[in-house]
Amino acid sequence: MLSLGEKYDIEVETISKPREEYSNEEYTKLDFPVAPAIMVGEKIVVEKSDISEEKLESVICKYLGLPPPDSQKKGVLGRLLNRS
């Protein structure tokens, strides 16, 4: 995520706490997503699971009003024919 922060010149904040702190009443009152989670702006992108960097980059681009990034992964046929 830090590389995406640098690429798009955005602030990336990582919050890491012991598991017990995420399940206490005070944390629940903050109305944050259940960890692990990723938020972009005020939107919860994913909660209780992981997300691919490609998907996260697409969400960031949408949030910033930018066109979606080109997919860097190509299938075998796409690589052979030099297509996206």
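Strands S1 and S2 (residues 43-47) pair in the antiparallel sense over four bridges. Two strands count as paired if DSSP finds at least two bridges between them. Helices (H or I, at least four residues) and strands (E, at least two) are DSSP runs, numbered from the N terminus. This is a predicted model, in which local features need pLDDT of at least 70, side-chain atom pairs count only at pLDDT 80 or more, and totals for chains, interfaces and linings use all residues. Residues are numbered from 1 along each chain as its sequence is written, and side-chain values use heavy atoms, with hydrogens and water left out.

Val40 stands opposite Lys43 in S2. The hairpin of S1 and S2 has two residues between the strands. Gly41 takes a positive phi there, near 65°.

## The largest pocket

The largest pocket holds about 910 Å³ of space. A pocket is found on a 1 Å grid over the protein atoms alone, with a 1.4 Å probe: it is an open set of points with protein on both sides within 12 Å along at least five of seven lines. Its lining residues have an atom within 4 Å of a point. Grid points are joined across faces, edges and corners, and the volume is the space filled by probe spheres set on the points.

The lining of the largest pocket has 27 residues. Glu13, Ile15, Ala37, Ile38 and Met39 lie nearest the centre. Strand S1 (37-40) and helix H4 (53-64) are the elements that give two or more residues to this lining. S1 gives the most, with four residues. By type, the lining divides into 20 nonpolar, two polar and five charged residues. Here Ala, Val, Leu, Ile, Met, Phe, Trp, Tyr, Cys and Pro count as nonpolar, Asp, Glu, Lys and Arg as charged, and the others, Gly among them, as polar.

The peptide bond from Ala35 to Pro36 is cis. Its omega is near -5°. Pro36 sits in the loop between helix H3 (25-29) and S1.

## Two loop residues with positive phi

Asp9 is not a glycine, yet it has a positive phi of about 50°. Asp9 lies in the loop between helix H1 (2-7) and helix H2 (19-22). It is exposed, with a relative accessible area of 72%. Exposed means over 50%, buried under 20%, and partly exposed in between (1.4 Å probe, protein chains only).

Lys48 is also a residue other than glycine with a positive phi, near 65°. Its place is in the loop between S2 and H4. Lys48 is exposed, at a relative accessible area of 58%.
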